[in-house]
Amino acid sequence: MTSTSWARLLEGNQRWAEGRSEAGDTRGAVRRAELTGSQSPKTLILGCADSRVPAEILFDQGLGDLFVVRTAGHTLDAAVIGSMEYAVEILGVELLVVLGHEGCGAVAAAARVVDEVAVPHGYIRDVAEKISPNVLRARLGGASTLDEVGRQHARYTVEQVRERSTVLGDALRIGALEAVAAQYCLSTGRVTEVGAVPEQHLLAV
Ligand SMILES: [Zn+2]
């Protein structure tokens with residue numbers, strides 16, 4: 001992945017993680033006034049709702065820069081995919097980032113469903129059950145830690161978006177949209193791209 005938009009986000013993440021945020025002016029009254037009539041974000045973020053993973057802050061972006069959809073464990077449903085389709089088809093975003101993170105409670109809950117048949121109550125169950133197949137798939141692929149499982153869950157979520165949405169799948173196929181799976185590290189503040197090949201496989205070579 002070498003897109004300019006992704007490179008800019010990684011640069012913003014590095015700035016923020018190192019305490020050199022430049023987003024201040026882009027979050028103020030002038031920028032707000034510029035955006036009252038329209039928006040044209042270039043990037044769509046599908047991220048976890050975790051309070052520690054706010055996309056605009058950790059990528060050092062301002063008002064109007066990111067179209068953000070956040071659910072626990074970046075799980076998908078019709079409203080989520082519909083929101084994403086709006087961002088691509090109507091607003092014309094060019095980059096999709098699925099952003100998972102270290103220490104994700106939703107991924108941990110899904111792992112407990114798989115490992116202990118510990119099924120959460122209420123609609124938390126729906127969240128865990130949407131992630132559980134990806135936990136199994138990651139484990140079968142050799143992922144041994146929750147962090148590795150979370151990274152692969154982000155990658156599989158990109159695949160699910162591509163498969164389930166005709167609008168997004170077509171945009172990816174013709175190159176109107178690029179997609180990146182990424183993982184945020186709580187302790188360092190850094191975002192890293194999840195490669196197509198699980199890291200443990202690379203290490204085993
Ligand atoms: Zn999470």
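Two strands are treated as paired if DSSP finds at least two bridges between them. Helices (H or I, at least four residues) and strands (E, at least two) are DSSP runs, numbered from the N terminus. The structure is a predicted model, in which local features need pLDDT of at least 70, side-chain atom pairs count only at pLDDT 80 or more, and totals for chains, interfaces and linings use all residues. Residue numbers start from 1 along each chain as its sequence is written.

**Overall architecture**

The protein chain contains 9 helices and 5 strands, and along the sequence these follow the pattern α-α-β-α-β-α-β-α-α-α-α-β-β-α. Its radius of gyration is 17 Å, close to the 17 Å that the globule rule gives for 205 residues, so the protein chain is as compact as a globular protein of that length. Here the radius is taken over C-alpha atoms, and the globule rule is 2.2 Å times the number of residues to the power 0.38. The C-alpha trace spans about 55 × 40 × 35 Å along its principal axes.

Burial is assigned by counting other C-beta atoms, placed from the backbone, within 10 Å of a residue's own: 20 or more is buried, 12 or fewer is exposed, and values in between are partly exposed. On this criterion, 36% of the 205 residues of the protein chain count as buried. Two residues are in contact if their C-beta atoms, placed from the backbone, lie within 7 Å. Of the contacts in the protein chain with a separation of 6 or more, 71% come from residues 24 or more positions apart.

**The sheet**

An open sheet of 5 strands has the order β2-β1-β3-β4-β5, with mixed pairing. Its edge strands are β2 (66-71) and β5, each pairing on one side only. Direction ignored, neighbouring strands of this sheet are turned by 25° against each other on average; axes are lines fitted to C-alpha atoms, for helices over the stretch in contact, and angles run from 0 to 180 degrees between N-to-C directions.

| Strand pair | Sense | Bridges |
|---|---|---|
| β1 and β3 | parallel | 5 bridges |
| β3 and β4 | parallel | 7 bridges |
| β4 and β5 | antiparallel | 3 bridges |

Within β3, Val98 is the bridge partner of Leu46, while Leu96 stands opposite Ala179 in β4. Strand β4 (residues 178-184) has 6 of its 7 residues buried, so it is largely enclosed by the rest of the structure. Gln183 stands opposite Thr192 in β5. The hairpin of β4 and β5 has 6 residues between the strands, and in this hairpin Gly189 takes a positive phi near 80°.

**Surroundings of Cys48**

Cys48 is found in strand β1 (residues 43-48). This residue counts as buried because it has 25 C-beta neighbours inside 10 Å. Leaving aside residues up to four places away in sequence, its contacts include Arg70, His74, Leu99, His101 and Cys104. Cys48 and Cys104 are 56 residues apart in sequence and 8.1 Å apart in space, C-alpha to C-alpha.

**Packing of helices α5 and α7**

The axes of helix α5 (residues 105-116) and helix α7 (residues 146-164) come within 10 Å and cross at roughly 105°. Helix α5 is therefore roughly perpendicular to α7, a class that covers 65 to 115 degrees, beside roughly parallel (under 35), roughly antiparallel (over 145) and oblique (the rest). Val107, Ala108 and Ala111 of α5 make the contact with Leu146, Val149, Gly150 and His153 of α7.
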